[in-house]
Amino acid sequence: MTENEAFFQNENADVEAVSRAHAVLQQHGWAPADDRFSGACAALLMGFLRGDASTDIATLLPRAQEFADRPRPFLPSRSQTLDDPSRVSVHDPGRTVTWVDPKRIFPSPGREFKDKGDWTRPDEPTEFRNEPVLGLAEFARRIAAERGDLSGLTKLLGPEGEAARVDLDAWESPLGAFFRVNVNGNHRATAFAILGAPCIPAKVRWHLGPFRASSSTNLADDELLYSYRNLLHSYGVASYPDPEDIGTHSDRIFSDWPFLIDSADTAVESLAIMEQTIGRRYYGPIGRVPRELFDNAEALIAAGKRTRKALNRNQRSFETGGLSGLVRTAMSGR
């Protein structure tokens, strides 16, 4: 028996363990492939494939369209100038095998879904098509039709089932973890999501910061980025290395909200995508910024401009009156 076959057959878990694994996956988006969760997650997946996975193409096709059209959030790359070991102590910084909720996986950037006919039937003649959404739905149907049979799954998912472990990059947040396909696996991850599978095995590389964000390209963009990032920096959402040049210096950013660090527009869009993905709205504060402010990019920029004005007033008060002048300004409420 190969390592990958053993991975899928490790299903020994009682009802309570399976329920606990499901709760962890729902809350955090992933569960470690260790003695506590691996058997329960395998049982959860195989039980789903044997019973609840739909093989109705009419049901799967609109789901495939939904996932093919799903917008993609901003997910930052790792900083190129600093690698703080304190930020990777939570997880092994290397690639670790993990059980992942497939609906939290986004396709790799710049790679579109393709259709090569019924490409899941390599031993049969196929007719070329250009219907990627139909191809995704058919692939999901074929996976479901195996009903958890190991030999069928290994044939569909790659030699010895190796391809079932899609390569993912991962980012943690207060909403749980979110993932993006690293090199390949867009079709496999999406097919499991279309089915509504509770989890799939993946090799994960965690990105916990420091992060990079984009730099402005003109003075107008620089002003918008400066205001927005000053708001995040001032109210504990993210830490930028140089607040005096926050629009153009894009490296060495720390944040528990990595998908918010780039711009007001991408933050509003990304937070909405993440909340839709997990099926609930986040109601707590983000740093010290009210959640509702992130419903509108213009409101975020306006709040950033007000923050900058307040900081400038405080700076002038400090320069002209020293610490006592700053205290008087703070007490006056101006």
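Strand β4 (residues 166-171) pairs with β5 in the antiparallel sense over four bridges; strands here are DSSP runs (E) of at least two residues, and two strands pair if DSSP finds at least two bridges between them. The structure is a predicted model, in which local features need pLDDT of at least 70, side-chain atom pairs count only at pLDDT 80 or more, and totals for chains, interfaces and linings use all residues. Residues are numbered from 1 along each chain as its sequence is written, and side-chain values use heavy atoms, with hydrogens and water left out.

Six residues lie between β4 and β5 in their hairpin, and G176 in the turn has a positive phi of about 100°. Strand β5 has two pairings, listed below.

| Strand | Sense with β5 | Bridges | Opposite residues |
|---|---|---|---|
| β3 (residues 105-106) | parallel | two bridges | F106 and R180 |

Helix α6 (residues 150-157) is largely enclosed by the rest of the structure, because six of its eight residues are buried. These are L150, G152, L153, T154, L156 and L157. Helices are DSSP runs (H or I) of at least four residues.

The axes of helix α4 (residues 57-69) and helix α5 (residues 132-145) come within 8 Å and cross at roughly 125°. Axes are lines fitted to C-alpha atoms, over the stretch in contact for helices, and angles run from 0 to 180 degrees between N-to-C directions.

Technical notes:
Buried means under 20% relative accessible area, exposed over 50%, partly exposed in between (1.4 Å probe, protein chains only).
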